[in-house]
Amino acid sequence: MSDLSSLFNPRSVVLVGATDRSTWSKMAFDNLRLLGFEGPVHLVSRAGGMAHGQATYKSVTEIGEPVDVALLMLPITAMGDALRDLGVAGIKSAVVLAGGFAETGVEGRALQDDLVATARSLGIRLLGPNCLGFINFNTGGVCWTGSMRTPPLRGGISIVSQSGAVATVMKHFAHQHGIGLNVVAATGNEAVLGLADVVDYLVDDPATRVITVFAETVRDTTLLRRAAERALRLGKPIVVLKVGRSEITVQAAQSHTGSLVGDDSVFDGVCRQLGLLRVRSIEELMFTAALLEKTGVLQGEGVAVLSASGGMGELAADYAHLEGVSLPGLAPTTLAALAAALPPMATPANPLDLTGAVVNRPELFLDCMQALEQDPAVAVLVCVFDVPTDLNNDWAPFAVGSLQAIGRFKPQGRVRFLAISNTVKYVSDRSRAEIETAGMPYLPSGLDVGMRALRHALRWSAQQRVGAAQAEAARARVDSAASLPASESEAMAFLAGAGVPVVPQVLANSEAMAVSAAATLGDGPVVLKIASPDIAHKTEVGGVLLNLQGAAAVAEGFRRIMASARQAMPQARLHGVIVSPMRRGGVELFVGVRRDEQWGHVIALGLGGVWIEALQDVSLRVLPVSPGEVRRMVDELRGARLLNGFRGAPPVDLDELARIVARIGDAALALGDSLDTLEVNPLLAEGERIEALDALTTYR
C-alpha cells in the first residue's frame, strides 16, 4: 500500500460508470483532456455503447492491457462487484466518488467496512470514498470529478485535503493569484488511504517542493509524525490548516467525516515540535506555501522593507512587530550607500521610503535593493509593490518601469528577495506573463498576510536547520520500568532512579519516626504529606502541612494528618506520612504527562500556580522530547521571564531544566502504555538547583 506513484502519476486511467448523463463523468473525462494526459483513457459502462464520443467496455476485464488507476463513479450497491472486476483485471489503485458511507452513521460504517475488506483482500489502494479524487498538474494524470480553471498553472506546491470542496477552493484561489500546483488530492473518508499516506508520499515526491494540508482529523499519527520528521530533514515545508479550535467545529467535522477531531492544544504542540506550520486561513495557507516555494530555507532573521510609500512602510513595520519579525537597524555603510542613491528629502532607514521621486526614477528600486543586500543584518529583502493587472488601465508607465527595475534585481548571496503587494491582488494572465519574463518572486498576498507568511518561513527555516538533530536525539532508547510506582514515595524514587533530582523524603509510620526523620533532615522547617496509594489529591483531605518546626510541631502534625485522612477517606490505605525539608523561593513549574487518544503520551510544561490554572500558560509536545525541544517549550511560555532572574532572583539554569524535563518524559515512556498520567507538581527551579517536590502516577 505504501507505493502511491502509480496512483498519483498514472500512465493509464479507466473511468468506470462513464455516461453522458452524469456531470461527474463528463468533468472527469474533460479534465483528462484539459490537462493534456497522454496515456490511454478507457471508459467502462455496464450498458456499453458510446460515452463522451468514445466507445465503452462493459467491464474492466475486457480492456486487455494494464491500467494504473480506476475512477469508480458508481452507486454503493455496485461497488463490490466493481472492485472484484478490478482485482481480476489486476488494477491496484482506485478512487471512489460515492458518499453514503461512514460519514452517515452506523449503517454507512458497516458498508464502508465491507468496501475496505474487499479492497484489502484484492490488494487495491482506495482513495475515498466520498471523494472528488486527485489531480497531477505536472503530468496530466487526473481522476477529478470537479471543475478546473484554465489555463492550468503548474508548480511545486501540492495540496492534501480531507474535504473535496476545500481542495477545490484552495486550487481555485491558487489559480486566481498565479500560484502553480503539482498534486491535489482529496482523501474523503480515508477508508484505506488517508491524509498521512498522501503526505508521506509527497515528502519523497521530487516534483513537490511544499506540501499544504487541510485537515479535520489525523487518523494515522505515527505515519504523519515519521513523514514530518523526514520532511524536516529533507528541507520540505508542510503547511497545515486544521479545524477543531471550537466545540462547534469539532461537532461539525465529526458529522462530515465520521471521525474524532482530537485535542487542538495537543495538535498545536505537535506542529511546533515537528516543524509543521499551522495557519488559520486558506489565504495564509496558500501564500505561506507560495513564499516558501520561492525562498527555500532563509539564512537569517533580519528583514528589510522598502516601498514607494512611507505609510505602507509604517504598516509593514507594525505587521512585522505583531508577528515577531525583526526589522534590524542598518549598518553605517548601508546608510551611506542609501544616502548616495536617494533624493535629498528621503531618509535612509528600515523600513525605507523611496518617496515620490521613484515615479520619475524607477531605478531607485534597483539601486536601493542593491545597497540593502550588502547589509550584514539583512537576510530577507521585501519590496512592497503591486504588479499591474488588467483592471482600471493600471499598466501605467511608472508601473511598467518599476516592474522592469525590480525584475533586474538578482541577489547573489545569502539574501532572499520578495516583492509583496500592498493588499491582496488578483494576478491576470498578462500579470503572470510579465512576472515570469522579469523573473520576479512576487507574492500578491498583501502586507498583512505576507508578513504572517514570512514569520512562518522564518520559524521553519530556524527549526529546519536544527530539527533533524533534535528529532534524532529524542529517539534515544528508553528501558521499560521493572515495576509501576503507585504511591508518591514510589513515584519519587522512580524519578530519582531516572536521573531526576528529587527533594529528600523519609517515610514515617509513627510520630517518633516522623520526629526522627525531621531531625535527620537538618535544622530547618519540614513538610508533612500523607502517604497513601489511594489518595491522589492530598490537600483535599487535609493531608499536607507546611513549615513545621521542632519535634512537638512535627508530632502534632503527624497526628492531625493521619486523623484527617482517616476521616475523609476511611477505606484508604495509609502508609504513614512523608517528611521532606521545606523549600522556599524559586519558581514553581508544572510538568505533566498524559496519554492522548490520538498521539500517545504528551508532555506539558508550564509555570505553576496561577499561570497554569488561570492563564493556561502551558506548552505541549509528544514524547519523546530532546533537551533542545524542551528549551523551545520554555521559550513559548508567556511567563518565561520569571525564569531569567526576574526582580533580582537568580536566573534558572535553563539547560539543566531542559535536561531534567526531558528525563521526566523518558521516565514516563518507561512506564509503558498503561500509564495514564505522570505529574511532577511542583518542579522547583532556583538557579542551578532544580528539584521535584511531588509526583503522582495514575494508570489506565
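Reader: How many cavities of 30 Å³ or more does the count come to?

Author: Rolling a probe the size of a water molecule over the atoms shows where empty space is left. A cavity is a set of points, on a 1 Å grid over the protein atoms alone, where a 1.4 Å probe fits but cannot get out. Here the count comes to four cavities of 30 Å³ or more. A word on the model: it is predicted, with local features needing pLDDT of at least 70 and side-chain atom pairs pLDDT 80 or more, while totals for chains, interfaces and linings use all residues. Residues are numbered from 1 along each chain, and side-chain values use heavy atoms, without hydrogens or water.

Reader: Which helix gives the most to the lining of the second largest cavity?

Author: Lining residues have an atom within 4 Å of a point. Helices are DSSP runs (H or I, at least four residues), numbered from the N terminus. Helix α5 (residues 164-176) gives the most, with four residues. The second largest cavity holds about 70 Å³ of space, a volume being the space filled by probe spheres set on the points. Its lining includes Phe137, Lys171 and His175.

Reader: Are the residues of helix α10 mostly buried or exposed?

Author: Buried means under 20% relative accessible area, and exposed over 50% (1.4 Å probe, protein chains only). Twelve of the 14 residues of α10 are buried, so this helix is largely enclosed by the rest of the structure. Among them are Leu285, Met286 and Phe287. Just after α10, glycine 296 takes a positive phi of about 65 degrees.

Methods. 1 Å grid on protein atoms, 1.4 Å probe; cavity = no way out; pocket = protein on both sides within 12 Å on 5 of 7 lines; lining within 4 Å. Helix = DSSP H or I, 4+ residues; strand = E, 2+ residues; numbered from the N terminus.
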